[in-house]
Amino acid sequence: MDVDRNNTDADIAKDLNVDEKILSGILLFLKRNKLTKTESAFCEELRKDSQSLHAKAVLDSNSNDKEADFANLLSVYNSDANPENYRSFYSSLQDFIYSSLDPYKYELAQVMFPIFVHLYLEMIYKGRQDLARTFLKKFGPTQEDYYQEDINRLKTINSKEDMLRNEIIKDFRTSDFVVKMSRDSNQKLKDFLTENNLNLLLNIINQSLYIEVISGYPRPKSEISQSAGGLTGEARHDANKAKVQYGIPKEFDISALLDIENDSEEDDDKRTKKKKSKKDAGSAAKRKKVGNNPNAPPPDRVRFPEMRESDIALRDGAVKEMLTRTHSKSPSICFYTLFRVPKGLTCVTLSEDSTRLCLAYEDCSIHIRSISPKKLRPVKSATDLALVNKEAEDVMERIMDDKAATETRQFIGHSGPVYAISMNPEGTFLLSASEDGTSKFILRTNFYVITVDLTDFSFLVRLWSLHTFTCIVCFKGHAYPVWDVKFSPRGYYFVSGSHDRTARLWATDNIQPLRVFVGHLSDVDCVQFHPNCNYIATGSSDRSCRLWDIPTGKCVRLFTGHKAMVSCLTFSIDGRYLISGGYDKVVFIWDLRNGTVVNHLNAHFGAIYSVNLNRDGNILASGGEDYSIRLWNLKKIINKYEETINIEIKEEKSESAPEENYLIDSYMTKQTPVVAVHFTRQNFLIGVGAFTSEN
């Protein structure tokens, strides 16, 4: 950061109020974007200018802000208890929970981690780092495995200043840890704390925990395990009360279009040389009518550009191609293995028609390859385009240069590892998200010329043309690296997720984000559009999944249950179910209508990188770090779940059927992690991964 003295003291006095507001705004900007080094350098320059009244005012304001932050911190950790006793307090609570009867033990155990964190922080705040480290060493290993990463972050906190800067601590201070338990379990906990004069623990529960009392018997361990694991506990009941219009409007429902095509083919087969009677024609027309889905939103709730004739022709072609799909229980699989990848394969995507394979690497490059006989053709030069008849019906074919066609193309432009790529349904555009960002901006005031280095501030999503094979737009907005990006099923809109904890909605014709979805407590690692394009799903390192309503920007569903980062998402064909895979080696299936978990599938031995459904929606494929592709009978899972709901047998609802009953088959590779799985229109499964040698 460079600061230059430009004006006289008379000029400063004249614009005192304006300069003070500008400098305060700059300081606030640096704080919000966590540019701590630049903030420190900026404050140091202000201190050097001791004669400037507005510089002194800004520094005083900054000092007051810090005092206010400490005051807020004190309001949480202001007990009169002696830190010497915290270890015995927690040990008493632990003994009580472990000695409780099994029906209550598992519900009561949920309060152990948040109380452990707050006791540790209170010892740090009171300057007893020695006691805090001893406390952490004794009770840290007794916490659940999925909290160990959070505990490792706690080890970095050694002062009150660290508490203000640490993101996890901010989450614990601003968000209540949600614990669900039965009335009996809650009463037993309160009675124990009251009888043993553990007022400190009781105050922590009242101030920093949200205990949601549920009716009925205590929940069994299996049911608690399905929803526990979030950074701030489970989802509140009111978090999933909003209505979700998960249906697909008939105009865009591929299943309905397939039914119509099937009916048309049946009519063609039944036709004879004689003219059909009016009665037969009427019955055929009746069959072709598709009723409105009562669970679907209005078609124009999210506005899209009108479909062009070429887009309609592509959709009709896709429907006809899907009519030839197979319906076998176990699909054929083709696996693409990449060898000699020194820089590391980061992500893979395939075009909707499964003719092109796109690969991204840590060396900032993107490669696209044709996996069909049809090569990659660029647009002709400007001279040759001038000779093309633009009124011809096949003008899109005439503008392509067959002589320059190749099997592979490379995109160069990013300056950091490329973490995500996505192609639009028409196959005309490619999105890429990376770690690279803009370089700097210069802000001038009457007194200072300030250059702030923003290499780590505004990060890019690039839009590439698959006709010219060049970058045509850079979308700037995220404050940290972008981990994922996805086109909507109808193109035009796309969504990105970032390390800055937000997901953002964009349109290809607007360089500014249309929506910013804020609510996750950690990185947004994966994003996915709902099939009806009215909702966006996000998965995060806070071990939760959220569903966002695009028109309102509100979070309408919150799902907890994953025990590690959520890495991949997909939706069922009818839009009712969300499927997520994570680094906890588990696939979860969620019901958007009720906001509940349908089932969780355990068979992988490593992180899950990709999940995908076949075109019928009844087979789920998952692939990951354990060198395997696993196929699941999703239709059987859904049927069992709906049967349980319909007959309302609570005992069966809480105890899931064994996961191995749903596993159709497993396919192992030779030391090749499965980065992506993809079903073609004919239900042919494609897998992609990079070979990892033993060395």
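How many nonpolar, polar and charged residues are in the lining of the largest cavity?

## Cavity

This model is predicted. By class, the lining of the largest cavity has seven nonpolar, two polar and one charged residues. Pro 249, Phe 252, Pro 298, Pro 299, Val 302, Phe 304 and Cys 533 are among the lining residues. Arg 490, Asn 532 and Asn 534 also line the largest cavity.

The space in the largest cavity is about 40 Å³. The count of cavities of 30 Å³ or more comes to one.

## Helix 7 with helix 13

Two packed helices are described by the angle between their axes and the distance between the axes. Helix 7 spans residues 112-125, and helix 13 spans residues 199-208. Their axes come within 10 Å and cross at roughly 110 degrees. Angles of 65 to 115 degrees count as roughly perpendicular, so helix 7 is roughly perpendicular to helix 13.

Helix 7 makes the contact through Ile 115, His 118, Leu 119 and Glu 122. Helix 13 brings Leu 200, Leu 201, Ile 204, Ile 205 and Ser 208. The residues of this contact divide into six nonpolar, two polar and one charged.

## Helix 12 with helix 13

Helix 12 covers residues 183-195. The axes of helix 12 and helix 13 lie 8 Å apart, at an angle of about 140 degrees. That angle makes helix 12 oblique to helix 13.

From helix 12, Leu 189, Leu 193 and Thr 194 take part. They meet Leu 201, Leu 202 and Ile 205 of helix 13. The contact has five nonpolar residues, one polar residue and no charged residues.

Notes:
Residues are numbered from 1 along each chain as its sequence is written. This is a predicted model: local features need pLDDT of at least 70, side-chain atom pairs count only at pLDDT 80 or more; totals for chains, interfaces and linings use all residues. Side-chain values use heavy atoms; hydrogens and water are left out. Axes are lines fitted to C-alpha atoms, for helices over the stretch in contact, and angles run from 0 to 180 degrees between N-to-C directions. Helices (H or I, at least four residues) and strands (E, at least two) are DSSP runs, numbered from the N terminus. Angles under 35 degrees count as roughly parallel, over 145 as roughly antiparallel, 65 to 115 as roughly perpendicular and the rest as oblique. Contact means heavy atoms within 4.5 Å. Ala, Val, Leu, Ile, Met, Phe, Trp, Tyr, Cys and Pro count as nonpolar, Asp, Glu, Lys and Arg as charged, and the others, Gly among them, as polar. On a 1 Å grid over the protein atoms alone, a cavity is a set of points where a 1.4 Å probe fits but cannot get out, and a pocket is an open set with protein on both sides within 12 Å along at least five of seven lines; lining residues have an atom within 4 Å of a point. Grid points are joined across faces, edges and corners, and a volume is the space filled by probe spheres set on the points.
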